[in-house]
Amino acid sequence: MQVVVDWFQTNLGFLPPQLLVTLVSMLPLIELRGGIPLARLLMLPLWQALLFSAIGNILPIPFILFFIEKIFDWLRPTKHFGGIVKKLEARALGKSDGIQKAEFLGLTLFVGIPLPGTGGWTGALIASLLKIDRKKASLAILLGIALASTIMSFISYGVFAM
């Protein structure tokens, strides 16, 4: 773990730790599942870990819900990005079975249970591709982020603290 802290301090040490946590939490696949443990490694108090990782995790969600289909439509016919778009769509839709069956609860649990390949980014992408109502999807994703925050806080700051 110290290697991670050393890398951040060496390469991004000029940034405040709160901004680092926010930026890491904005990254797809990492999200707050990486932001909260990073906050712990950077010795931020729990309230700052929750605040800055949640902000970072939430910021990309509206852009995905409102614009990803248009972006994919624009990129799909291109030589360099068409294959990537098709893989992303296939991957997201491959994980959508539980969400289609129990739309709101399924999306909430998909985002909230911190497993590889789940989270706000993928949840928003699936909601967009399945054309789930944006208000309903937004609420489910926010609840999922709250659940993931709770679980990751418990792991990073609680019983299994590093």
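Reply: A residue is buried under 20% relative accessible area, exposed over 50%, and partly exposed in between, using a 1.4 Å probe and protein chains only. This is a predicted model: local features need pLDDT of at least 70, side-chain atom pairs count only at pLDDT 80 or more, and totals for chains, interfaces and linings use all residues. Residues are numbered from 1 along each chain as its sequence is written, and side-chain values use heavy atoms, with hydrogens and water left out.

Me: How far apart are the end C-alpha atoms of α6?

Reply: The expected span of a helix is 1.5 Å times one less than its number of residues. Helix α6 covers residues 82–94, so its 13 residues should span 18 Å; the end C-alpha atoms are 18 Å apart, which agrees.

Me: Where does Arg76 lie, and which residues does it touch?

Reply: Arg76 sits in the loop between α5 and α6. Its relative accessibility is 28%, so it counts as partly exposed. Not counting residues up to four places away in sequence, Arg76 touches Gly82, Val85, Lys86 and Glu89.

Me: Next, the core. Which residues have the most contacts inside the largest nonpolar core?

Reply: In soluble globular proteins, nonpolar side chains tend to be buried together. A nonpolar core is a set of buried Ala, Val, Leu, Ile, Met, Phe, Trp, Tyr and Cys residues, joined through side-chain atoms within 4.5 Å. The largest one here has 26 residues, and Leu65, Leu107, Leu125 and Ile141 have the most contacts inside it. Two or more residues come from each of α3 (31–41), α5, α6, α8 (103–112), α9 and α10 (134–157). A second, separate core has nine residues, including Phe8, Ala39, Leu44 and Ala49.

Me: Which residues is Leu125 in contact with?

Reply: Set aside its neighbours within four places in sequence. Leu125 is then in contact with Ile64, Ile68, Phe72, Leu88 and Ala92.

Me: How many residues of α3 are buried?

Reply: Nine of its eleven residues are buried, so α3 is largely enclosed by the rest of the structure. Among them are Glu31, Arg33, Gly35 and Pro37. Helix α8 also has buried residues: Gly106, Leu107, Thr108, Phe110, Val111 and Gly112. What covers them includes α3, α7 (97–101), α9 and α10.

Me: Now backbone angles. Which value does phi of Met43 take?

Reply: Most residues other than glycine have a negative phi. Phi of Met43 is near 65 degrees, a positive value. Met43 lies in the loop between α3 and α4 (46–58). At 72% relative accessibility, it counts as exposed. Look also at Lys131, in the loop between α9 and α10. Phi of Lys131 is near 60 degrees, again positive. Its relative accessibility is 62%, so Lys131 counts as exposed.

Me: Last one: a helix pair. How do α4 and α10 cross?

Reply: Two packed helices are described by the angle between their axes and the distance between the axes. Axes are lines fitted to C-alpha atoms, for helices over the stretch in contact, and angles run from 0 to 180 degrees between N-to-C directions. The axes of α4 and α10 come within 11 Å and cross at roughly 145 degrees. The crossing is right-handed. A crossing is left-handed if the near helix is turned anticlockwise from the far one by less than a right angle, and right-handed if clockwise.

Me: Which residues make the contact?

Reply: From α4 come Leu46, Ala49, Leu50, Asn57 and Ile58; from α10 come Leu142, Ile145, Ser149, Ser153 and Tyr157.

Me: Is Ser153 buried or exposed?

Reply: Ser153 is buried, with a relative accessible area of 10%. Leaving aside its neighbours within four places in sequence, Ser153 is in contact with Ile36, Leu46, Leu50 and Gly158.

Conventions:
Helices (H or I, at least four residues) and strands (E, at least two) are DSSP runs, numbered from the N terminus. Contact means heavy atoms within 4.5 Å.
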